[in-house]
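Good morning, and thank you for making time for this presentation. I would ask you to keep the structure in view while I speak.

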Amino acid sequence: MSKTRGRVTLPSESGFLNETRELMERWGADAIRDSDGTKLDRDVKSLDAEIYTTYFVARGHNEFAVKHMEECQQLYLMSRRFTAVGNHLEMDFMEGYFGQQVVPDCYHDPKKWWEVMDRTTGQAVPASRWELTGASMPEGFGDGREFKGVFDGAGEAAETNESEATTAPMRVVMEHALPFHEYTVSFLVYAVWDPTQMYNHITNNWGDKPHEIPFDVRQEASGLFAREYLVQWLKDNPDTDVVRFTTFFYHFTLVFGSDAKEKFVDWFGYGATVSVKALEEFRAEYGYALRPEDIVDNGYYNSSFRVPTRHYRDYMDFIQRFVAGKARELVELVHQAGRKAMMFLGDNWIGTEPYGAYFPKIGLDAVVGSVGGGATLRLISDIPGVSYTEGRFLPYFFPDTFYEGNDPVPEAVENWICARRALMRKPVDRIGYGGYLSLACKFPGFVDYIEKVAEEFREIYGNIGGSRPFCGLKAAVLNCWGKLRSWQPYMVAHALWYKQTYTYFGILEALSGAGVDVTFMSFDDIRSSGIPEDVDVIINAGDAGTAWSGGDEWLDEQILTAVRRFVWEGGGFVGVGEPSAAERGGRYFQLADVLGVDKEQGFTLSTDKYHTKQADSHFITQDVLRDESGRLVLDFGEGMKNIYALGADTEIGEFSDHEVHLSAHPYGRGRGVYLAGLPYSHENTRLLIRSMYYAASKEKEMKIWFSDNLYCEVHGYPEAGKYAVVNNTSRAQSTVVYDGDGHGAPMELGPCEIRWFDL
């Protein structure tokens, strides 16, 4: 039995009353929700709990969608590359795409809205030089009749045989292609199956469950339907307390291949916001027309790793203003009905941008999002302008985890311990889970563990509430996106692991639970407002040419002089990977003078490099373990090759394989620190903290609310009159705890223990 109750949301389903009641008691849940694929019956809804009901604005209404297929959501896709070996070239542009998810749009004139690109020259091929053959739209497009397209009634199960899913083959044909040039087709498609429902359909083997067709509320009939349906739905669902919008209108870019597996996924992608109507309205407002290439972007689709073009920034702003205005209309309807409006930060979240300029105008009561770890928790908990935030913890109660022979507890433990660090800095107001409760109940060990999690969360929240924790430093993470992508750099698909990103994402994960005030700053911010006076250290991290490092932004004299002046006058700069990388003027790192290192590109191999001596000890590496031979045990992840020191004043913290991986360098009254990479770990969290304090020349101030054991952390809450000592491991730990005055005292902590004290 829980000692306390509240702040926990429990998923349930029809016909599961007794088990739901028991779990409500054990977990102290005060809210019940449905999930994709489940419904709550009257008995479950009668329990003493707030009722969350999932609401899909632009999917799940096939009775409307099949009669308005010309108002389906659309995307621009790029075909694979075709090499011409003669003058005649035929391109099956749908090759590799899943015909049950997307169908080519021949309803609008392809000659006007499509584009054939010569990728060898980078030029568009005039429309007069190519033809579309076999063009036709499935029955039901644009004539008000029921759609009879790639699957009858939009209700058949997914098949992986593409030939059974596509309509008559269409090709783009060229008679005057240039031999041995590469060509692609950028073409509009209609999305005829919502990708999240498709994923859930396949994962859960939903069989003949209808495929949900997404429609575009920018279109006249769809916009009117979305409003009128919600009005009636609110009348028909009087027992719903919180309308949980699974988000609003446009899904992040998620396109499946012909094998019904994910082909392209970008959690930040605006691909599904495109439509002929949107492009026409954009041109009328901005005075210029977007090309298909502005969207497909050489096949990169403007991923958040790309330095954004001005055209793409304009388009994003255009979409965000539309989404905020349209979403506000629906939220106002919910409020007029006396209910709360909650947004799920996922699925159809594109355009809402919780750290964007227009988000507050939506008027939401709450945001809920999936918690993959500390950074994703802070992504949710730091959102401004809502009454409360909620984190949906893992694992999701789906059969890919909850199956006979598997133990879901280790995943739950890892998820909770990692996210708990961030909770100690800025907690969400509620936690919850999703999926099939009937699956979770088959694992009593899991049920027991979540009971402890729920109680510990309430203890954390009750002790610190909205109080601000002590922060010893303020760090600004500098990249092309700035505040808009707060806690979101290096993500491809919402905190999933990628070989090319974990080395950098570890920075965010480390910062999420550290005693540091974190802000996100763009190059535009520096140009318009300079570097804020309260910033102690700037962090720039990423591969060269990406939005996270900055690319050609580092060729701007205003940016370079502002950052140099900041460090010279006493600020700190921490660079990871390829910071300030942009080849010009004999430098690869444009801030090589600040960092004291540069990267060998092969141009200066004739210049000898004598500065290779590693320091015997350094403030930054004092907590780093050593192996039996006395060498530092460091993990730089994928690391960075060919970094070398510029001079004797570069303090080399780690040198191996004939290259520098860790260094520091004085610059005026400030310092630059270089790290080759920083995957997340307890050890690297401490390494980053020491690097920041050293860069900011505040080494003497580090041992305030501090643990000398890197597996433990101390959090001070002066406003609440409390502090906490946390063991971040499942092993007992001994530590010396330093209080707010820097006084140390020994302490023993049990596995995963949090110990609270009054100031």
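**The annotated domain and its surroundings**

I begin with the record: an unreviewed UniProt entry places the feature "domain: Lacto-N-biose phosphorylase central" at residues 474-699. Please bear in mind that the model before you is a predicted one. In this model, the end C-alpha atoms of residues 474-699 lie 14 Å apart. The span is 21% helix and 26% strand.

Strand β28, residues 651-656, pairs with β29 in the antiparallel sense, and five bridges join them.

H665 has G672 in β30 as its bridge partner. The hairpin of β29 and β30 likewise has two residues between the strands, and G668 adopts a positive phi near 60 degrees. Is β29 itself mostly covered or mostly open? Strand β29, residues 659-667, is mostly covered, with eight of its nine residues buried.

I turn now to the barrel. Eight strands close into it in the order β1-β2-β3-β13-β16-β17-β18-β19, with parallel pairing. From one strand to the next, the twist averages 25 degrees. How many bridges join β1 to β19? Two bridges link strand β1, residues 8-11, to strand β19, residues 430-432, and these strands run parallel. V8 has I431 in β19 as its bridge partner.

Helix α7, residues 220-236, touches β3 and β13, and its direction makes about 155 degrees with that of β3. Helix α10, residues 310-336, lies across β13 and β16, running at about 140 degrees to β16.

Finally, the protein as a whole. It has 19 helices and 36 strands. Its radius of gyration is 28 Å, close to the 27 Å that the globule rule gives for 759 residues, so the protein is as compact as a globular protein of that length. The C-alpha trace spans about 75 × 70 × 50 Å along its principal axes. Of the 759 residues, 60% are buried. Among contacts with a separation of 6 or more, 74% involve residues 24 or more positions apart. The protein exposes about 29,300 Å², of which carbon and sulfur atoms supply 48%.

Methods:
Residues numbered from 1 in each chain as written. Predicted model: local features only at pLDDT ≥ 70, side-chain atom pairs only at ≥ 80, totals over all residues. Heavy atoms only, no water. Buried < 20%, exposed > 50% of the residue type's maximum accessible area, 1.4 Å probe, protein only. Helix = DSSP H or I, 4+ residues; strand = E, 2+ residues; numbered from the N terminus. Pairing = 2+ DSSP bridges. Axes fitted to C-alpha atoms, helices over the stretch in contact; angles between N-to-C directions. Contact = heavy atoms within 4.5 Å. UniProt positions renumbered as here; feature names shortened; annotations may be inferred. Rg over C-alpha atoms; globule rule 2.2 N^0.38 Å. Areas by Shrake-Rupley, 256 points an atom, 1.4 Å probe, with all protein chains shown as cover.
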